[in-house]
Protein chains: 2
Amino acid sequence: MKAEIITIGDEILIGQIVDTNSAWMAEQLNLNGIEVFQITSVHDDHGHIMKALFDAESRTDLVLITGGLGPTKDDITKKCLCDYFQCGMHRDQKTLESVVERLSKRNITINRLNQDQALVPDACTVLQNSNGTAPGMWFEKNETIFVSMPGVPYEMMGIMEEEVLPRLRKSGKLRSIYHQTVLVYGIGESMLAEQLETWENALPQFIKLAYLPNQLMVRLRLSAYGESMDLLKQAVDEQIKELESIIPDHIFGYNDDTISAITGKLLQRTGSTISVAESCTGGNIAHRYTEVPGSSAYFKGGVVAYSNEVKMALLGVKAETLKAHGAVSREVALEMVQGVRKALDTDYAIATTGIAGPDGGTAEKPVGTVWIAIAGKNETQVECFRFLNNRERNIERSTQTALNMLRQLLLAELK
Amino acid sequence: MKAEIITIGDEILIGQIVDTNSAWMAEQLNLNGIEVFQITSVHDDHGHIMKALFDAESRTDLVLITGGLGPTKDDITKKCLCDYFQCGMHRDQKTLESVVERLSKRNITINRLNQDQALVPDACTVLQNSNGTAPGMWFEKNETIFVSMPGVPYEMMGIMEEEVLPRLRKSGKLRSIYHQTVLVYGIGESMLAEQLETWENALPQFIKLAYLPNQLMVRLRLSAYGESMDLLKQAVDEQIKELESIIPDHIFGYNDDTISAITGKLLQRTGSTISVAESCTGGNIAHRYTEVPGSSAYFKGGVVAYSNEVKMALLGVKAETLKAHGAVSREVALEMVQGVRKALDTDYAIATTGIAGPDGGTAEKPVGTVWIAIAGKNETQVECFRFLNNRERNIERSTQTALNMLRQLLLAELK
């Protein structure tokens, strides 16, 4: 099965937003054994959209369309779809009820524009949108399937996961495909590739390997294509076992695992708790914990100690230590981590203090200098890192590094 | 002048990378008055690339091509270009010298693959790449300009800035385009459209309006096309003034502004400081502040008070209050906001306490119930919100709502 993705919207063509929808959809289609032949971004323009639909139909079996669906008048996708499939529109009762329900929950009275969201082309099967008011639409014409979805990412993702992919799977047109992703930390892509060369070269033909680097991690994705799902699973699981024996210390998880959730599970296993004292990461480590459902079982909280006063008042960092060594120092990181563990009465604690940039660097402590301290049950570790000069990436790298230090400490203690 | 962007490379079509190059190029072209008509991503495949070049030539005056140029897989794009422009290849001396110089600096001996990077189609003008070894190439055919660049973002950006844009400016073919985005908060897309209907219908033909919703905000983008930049600016600025008089309370910023940065500027204007006490937002508000460069001037820090013990120990929330009203209550939100302002000694403070989900909801307090309190210089506000049942979005919506409440309080005080 071959697919084309069409994104509709001037915001992509003027560079106001980066088209992340296409990448996500392309990944999902590939994971389900569907090759994406082309991605096309077009204007909110009738003639242009019609031409794109026509071209896509001529070369693919599946056309996914996003964007151009919403309550306002810059929305012309539905009109184009009616013209393309030569049909009229009607009000879909189920969609209207869902719009009413959704808006009344938020105490919004329905206006005409909202009501018009329930108008759908007669030729389509309506796909429910559980995250918004604009429904998805499924059309079939001359052996090609067309699916139109709103451009808001989480609405599109919901419709893809709840409606589109299950229907495609049911259609029986998909090849069997089995993916597993191994999450690797603390080794660069090219060095990893060198270490895995022999193993990689010996992989069977039907298993494909992809290196997906992301900041300090590399995700290794194994994809097996074939007829029997049982055989695919068995073959991939065997390869992963071998991989685990080659780089045992670098693998930290699988598939959708995150380092915060993994350390959370390790803490939960021993009934332990954690707190964080964040200067340069500014709340990002706490955010990583609290975005995990159920994290209140082990994460008690934290202090974002951005100013020196807060470091002293809430964490007990001494004025003399700050004066003698500066806020970005081993000594302050150690006092922060002990301070937060004591103040929040937890078994473990993490502290970060550094210069995220773009300003604040000196010759001795350039932008990117970060001290991270981890307090465990028996020992406290502290380490200095030199990241680069991009603020956003420094915050993210410091976060990943701190969580990974905790993970290693927890694993060492469990041994 | 109308342009098309063609990106070549399987990594985009399998969803392995997000196509940020296109967004950057589109923005640059628009800023220079060139409308981007379409963005097309195609496979590393000869027939597919030839078809894309042919289609692009038929509808645009400028075709920017990225990807498929590099030491390992540069063959395909260059071969296609030679076929498309019916010419051979020759070694470009200046490019060869630059390759040798660049690699010898890094102590790399030149191999045949490196030498072949200096091979260029006879029909092109070579564009120097000051950040890498693969040169850019400029072709002209039947009034259409084609430019091919490597896909590595900073190499492409260098060639665009140093070679492509200056040449286009010199050509004198550029029309003027002027964009402004107005950021609107606290009103849904459809209700906004209703309020703006008369104004929108009266917009001059040469100004286009787009609604770009994102969580609780809507970005309104005005784009004006014409000959004189001065006239476009004047016309758009006049429309924005009118817009400001229709929805004065809902406009919170312009273009790339964020609510956290805007409240930061307001705080800085009066030399004020802020702290945050976060339960359900779990550090996300602190993160939003600390990702802004220079935020240490007004943001002193915060307490992520996820457990009740932390609410009591660090924020002085009373055990009786927690017992009588529960952690998710008006009373606890108020004690949190007063507690953090006192503990961190700031002029303003924000507190959040709620049920982010997916678990923890009750009939009385369902998932999505969030109390937000804002302490100002003279008054303290507290409000209850009912968001929906997606954890990630509840965190984000609570964050946006809290920052907007602060913004409104700051504005009211400045009046």
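Student: How many of the seven residues of strand β1 (residues 2-8) of chain B are buried?
Tutor: This is a predicted model, where local features need pLDDT of at least 70, side-chain atom pairs count only at pLDDT 80 or more, and totals for chains, interfaces and linings use all residues. Residues are numbered from 1 along each chain as its sequence is written, while chains are lettered from A and ligands numbered from 1 in the order in which they are written. Buried means 20 or more other C-beta atoms within 10 Å of the residue's own, exposed means 12 or fewer, and partly exposed lies in between, with C-beta atoms placed from the backbone. β1(B) is mostly covered, and its buried residues number six.

Student: In β3(B), which residue is the bridge partner of B:Glu4?
Tutor: Strands are DSSP runs of E, at least two residues, and helices are runs of H or I, at least four, numbered from the N terminus. Two strands pair if DSSP finds at least two bridges between them. β1(B) runs parallel to β2(B) over seven bridges, and five bridges join β1(B) to the parallel strand β3 (residues 62-66) of chain B. The partner of B:Glu4 in β3(B) is B:Val63.

Student: How many residues of chain A are in contact with chain B?
Tutor: Contact requires C-beta atoms, placed from the backbone, within 7 Å. Chain B contributes 67 residues, and the number in chain A is 67.

Student: Why do β10 (207-214) and β12 (251-254) of chain A each have one side without a neighbour in the sheet?
Tutor: The open sheet of chain A has the order β10-β11-β9-β12, with antiparallel pairing. β10 and β12 of chain A stand at the edges, so each has a single partner strand.

Student: At what angle does helix α10 (residues 229-246) of chain A run to β9(A)?
Tutor: Axes are lines fitted to C-alpha atoms, for helices over the stretch in contact, and angles run from 0 to 180 degrees between N-to-C directions. α10(A) lies across β9, β10, β11 (217-226) and β12 of chain A. Its angle to β9(A) is about 15 degrees.

Student: Is B:Lys311 buried or exposed?
Tutor: B:Lys311 lies in helix α12 (residues 308-315) of chain B. Beyond four places in sequence, its contacts include B:Val317, B:Val332 and B:Met336. With 27 other C-beta atoms within 10 Å, B:Lys311 is buried.

Student: Which residue does A:Gly357 join through a cis peptide bond?
Tutor: Most peptide bonds are trans. Here omega is about 0 degrees. A:Gly357 joins A:Pro358.

Student: What is the phi of A:Asn142?
Tutor: A:Asn142 is found in the loop between β7 (136-141) and β8 (144-149) of chain A. A:Asn142 is exposed, with 6 other C-beta atoms within 10 Å. Although A:Asn142 is not a glycine, its phi is positive, at about 45 degrees.

Terms used: Contact = placed C-beta atoms within 7 Å.
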